[in-house]
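Me: I am new to reading protein models and would like to learn how the labels are given. Could we go through some of them together?

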Amino acid sequence: MWPSPGQRAPDATSAGAGTRHGRTIIPLSGPAALERYLPRGRRPHLAPDGTLRLLANENPLGLSEAARQAVIDNIEHGNRYPGEWAAELVPLLAEARGVKPENLLLGAGSTEILQVSVQALAAPGMPLIVADPTFEDVTDYQQPLSYDLIRVPLDFRYAHDIGRMRQVVQEHGNRAVVYFCNPNNPTGTLTPSSEIDRWIQDAPETVFFIMDEAYFELVEDPSYWSALKWIEDRPNVLVVRTFSKIYGMAGMRLGYGMAHPDTASYLRSFVSQNSTTVVSLAAGVASLRDEAHIRRSIAVNNESRGI
């Protein structure tokens with residue numbers, strides 16, 4: 001149902017529509033096929049004209065049953081501010097990701113975390129280095145700010161051209177904000193994590209890395225791993241994730257960032273107060289506990305890609 005996040009770009013001989021690596025992609029055969037992954041009696045959510053919507057990388061399974069029930073159970077608390085619900089989610093999320101609560105910041109989707117990081121790191125003439133093409137929100141958020149936006153085309157693999165990106169940063173005095181969407185949206189291709197690691201290892205703290213891992217849970221390629229290992233010792237690395245994709249919560253708006261405690265504390269000061277909601281937080285708690293839904297989401301994604 002989604003593009004092919006976590007796959008290397010096809011070469012020129014296999015890039016035709018409907019093929020991948022020289023073979024035909026056999027997608028799910030429409031809404032009826034999805035019902036195998038849903039509880040009995042539950043139908044896929046369709047667009048008003050009865051079609052499945054594929055343009056926004058939304059999880060076609062929707063919320064897990066546990067998350068749906070959590071929304072129902074907590075809607076009566078819609079008159080309350082979400083603080084105590086956030087207090088329940090944060091330690092559970094920290095444990096699930098192997099970080100500490102002080103490493104976390106929550107937002108209304110990962111896009112709010114991207115927005116606040118761009119705003120918080122802005123400085124006159126600061127280079128903002130992004131791939132071309134890549135997810136557009138970061139470049140949108142920088143528009144009213146005094147960044148020097150520099151787009152670096154993807155390389156022949158459709159991966160981030162790290163060599164050229166590093167060169168651009170060096171030309172600007174090793175002072176920059178660098179955005180990685182990996183796997184990349186919209187190409188669905190990977191940049192090997194080892195290549196990114198080498199740059200982070202060598203970079204001074206004046207180079208800040210925003211690591212967008214929205215599709216992290218969908219990757220099975222051994223050349224890919226999270227940048228989380230850097231956050232304890234490197235204040236210049238922010239890892240951004242979301243409940244929108246694997247958990248099917250795009251409409252609920254819940255995302256998070258993970259960074260060094262000092263960095264997380266600084267970025268929290270830019271996040272809108274109470275930007276998450278009682279029901280999104282309750283759904284987040286339930287989703288983290290529903291591992292079966294994660295497995296179903298991965299299975300339906302792999303089937304739709306012809307794996």
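Me: Where is P183 found?

Reply: P183 is found in the loop between β6 (176-181) and α7 (193-202). The helices (H or I, at least four residues) and strands (E, at least two) are DSSP runs, numbered from the N terminus. Before we go on: this is a predicted model, where local features need pLDDT of at least 70 and side-chain atom pairs count only at pLDDT 80 or more, while totals for chains, interfaces and linings use all residues. Residues are numbered from 1 along each chain as its sequence is written, and side-chain values use heavy atoms, with hydrogens and water left out.

Me: What makes the peptide bond from N182 to P183 cis?

Reply: Look at omega: for the bond from N182 to P183 the angle is near 0°, and the bond is cis. A cis peptide bond also joins N185 and P186, with omega about 25°. P186 is found in the loop between β6 and α7.

Me: Why is R253 called partly exposed?

Reply: Buried means under 20% relative accessible area, exposed means over 50%, and partly exposed is in between (1.4 Å probe, protein chains only). R253 has 31% relative accessibility, so R253 counts as partly exposed. This residue sits in the loop between β8 (237-242) and β9 (255-259), and its phi is near 60°, a positive value in a residue other than glycine.

Me: How do you know that N274 is partly exposed?

Reply: The relative accessible area of N274 is 45%, so N274 is partly exposed. You will find N274 in the loop between α8 (261-268) and α9 (278-289). Phi of N274 is near 55°, again a positive value in a residue other than glycine.

Me: How many aromatic pairs does the structure hold?

Reply: The structure holds 6 aromatic pairs. One of them is F216 with Y224.

Me: Why is the pair of F216 and Y224 called tilted?

Reply: Rings of Phe, Tyr and Trp (its six-membered ring) pair if their centres lie within 6.5 Å; planes under 30 degrees apart count as stacked, over 60 as edge-to-face and the rest as tilted. The ring centres of F216 and Y224 are 6.0 Å apart and their planes are at 45°, so the pair is tilted.

Me: Is Y224 buried or exposed?

Reply: Y224 has 9% relative accessibility, so Y224 counts as buried.

Me: What lies over the face of F216?

Reply: R241 does, at 3.9 Å from the ring centre. A charge sits over a ring if NZ of Lys or CZ of Arg is within 6 Å of the ring centre and within 35 degrees of the ring normal.
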